[in-house]
Amino acid sequence: MPDAALRPAPLGLAFVGCFTTERRRARGQGIDVYRTGASLEGWTHLGRVDGLTNPSFLVTDPARAVVYTVQGDGEAASAFAAEADGSLRTLGSAATGGTNSVHQSLDPSGRFLIVANYASGSVALLPVRADGGLEPASHVLPLPGDPGPHRSEQACAHPHHVVVSPGGSHVLVPDKGLDRVFVLRLDGDRLALVSETVMRPGAGPRHIGFHPGRPLAFLVNELDSSVATCRWNEATGTLVPLHLVPTLPPDFFGASTAAAIVVTPCGRFVYTSNRGQDGIARFRLKDAAERLDPTGWTPSGGRDPRFMTLAPDGKHLLVANEQGDSLAEFTIDPDTGDLSRTGARPSLSPCTIAFL
């Protein structure tokens with residue numbers, strides 16, 4: 001992939017993927033395309049790509065101006081070329097080598113799309129063509145291990161996230177079904193297992209985010225609603241858990257599962273979302289510490305905040321409330337990390353947001 005300094009200027013586009021099927025209790029119609037504005041309420045709806053089944057996660061390639069999506073509950077990934085006017089031109093779809101593909105990342109070279117196949121318990125490599133289109137999976141790596149104790153959610157391996165390490169030499173895969181985080185590397189045109197980190201039984205590792213300047217990673221566990229601070233070693237490809245803290249308020253006693261995690265560019269603040277409690281947990285990392293301290297909870301602005309991301313300016317947190325049919329925007333206080341809701345807009349069954 002080209003050096004960041006050589007990449008094209010941003011197109012100022014936002015893409016919102018929405019669940020579409022009855023199985024997902026969904027009302028969405030595909031991928032909505034927006035021209036971004038100074039705030040969420042200033043976004044302009046440009047159009048929609050419909051006819052898609054559960055475009056459950058989106059990633060973009062700024063170098064090629066391509067948008068990639070996987071099909072929740074399906075067996076394919078799709079690529080679209082983004083034009084400056086916001087239209088998406090299909091580059092076709094390709095088989096992921098598994099079922100219910102839930103997350104994907106481009107490898108640093110841009111040669112492969114790396115896909116987590118949640119239902120079939122595997123991670124796949126899909127070759128990327130010169131135009132950004134995809135070829136069917138060329139290698140599929142099943143993830144080994146004993147399932148966790150949760151009878152319905154941990155029947156087998158369930159990889160839920162694919163994240164390239166800060167140095168670009170490894171791929172981390174939290175596995176909700178096996179209570180593990182797998183560390184992989186690209187070995188030519190194949191994936192190889194480097195190490196694995198075992199978490200608490202029944203934790204259900206879901207998503208992971210890295211500190212921007214320190215060898216730390218923050219892992220949100222879906223099933224027991226916790227977040228673990230871990231030490232990361234880029235040279236050896238190993239992850240060591242250091243500290244665990246709950247994502248739920250101490251006075252909440254209802255059913256809830258943790259979902260998304262976001263780390264601010266300064267590295268001082270971490271946010272996780274709670275589906276059920278329907279709030280955003282705020283944490284602070286002190287300068288010399290290797291642990292997160294809870295600093296409060298903010299209502300997410302709707303039901304089931306499945307996904308969160310930073311706006312391109314890095315100063316606002318955007319939340320997709322899947323069952324609340326809304327997107328919410330929060331300003332991040334640069335001194336305290338506190339969140340102030342500054343915008344909202346309707347969106348049917350939103351589950352992912354990406355930018356170009």
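Trainee: How many aromatic pairs does the count come to?
Mentor: The model is a predicted one, and the count comes to 4 aromatic pairs. One of them joins W43 and F355, whose rings are edge-to-face, 6.1 Å centre to centre and with 90° between the planes.

Trainee: Which parts of the chain does that pair link?
Mentor: Distant ones: W43 lies in the loop between β2 (31–35) and β3 (44–49), whereas F355 belongs to strand β28 (residues 350–355). The two residues are 312 apart in the chain.

Trainee: Are W43 and F355 buried or exposed?
Mentor: W43 and F355 are both buried.

Trainee: And how are F210 and W232 arranged?
Mentor: F210 and W232 also make an edge-to-face aromatic pair, with 5.9 Å from centre to centre and 70° between the planes. Here, too, distant parts of the chain are linked: F210 sits in strand β16 (residues 205–210) and W232 in strand β18 (residues 226–233), 22 residues apart.

Trainee: Why does F210 count as buried?
Mentor: Its relative accessible area is 15%, and buried means under 20%. W232 has a relative accessible area of 5%, so W232 is buried by that cut-off as well.

Trainee: Back to W43 for a moment. Which residues form one aromatic cluster with W43?
Mentor: The cluster consists of Y34, W43 and F355.

Trainee: Changing topic, what does the secondary structure come to?
Mentor: The protein has 28 strands and 0 helices.

Trainee: How does the radius of gyration fit a compact globule?
Mentor: It agrees with one, because a compact globule of 356 residues would have a radius of gyration near 21 Å and the protein has 19 Å. Along the principal axes, the C-alpha atoms fill a box of roughly 50 × 45 × 45 Å.

Trainee: What share of the residues counts as buried?
Mentor: Of the 356 residues, 57% are buried. The accessible surface is about 13800 Å², and carbon and sulfur atoms account for 51% of that area.

Notes:
Residues numbered from 1 in each chain as written. Predicted model: local features only at pLDDT ≥ 70, side-chain atom pairs only at ≥ 80, totals over all residues. Heavy atoms only, no water. Phe/Tyr/Trp six-rings, centres within 6.5 Å; stacked < 30°, edge-to-face > 60°. Helix = DSSP H or I, 4+ residues; strand = E, 2+ residues; numbered from the N terminus. Buried < 20%, exposed > 50% of the residue type's maximum accessible area, 1.4 Å probe, protein only. Rg over C-alpha atoms; globule rule 2.2 N^0.38 Å. Areas by Shrake-Rupley, 256 points an atom, 1.4 Å probe, with all protein chains shown as cover.
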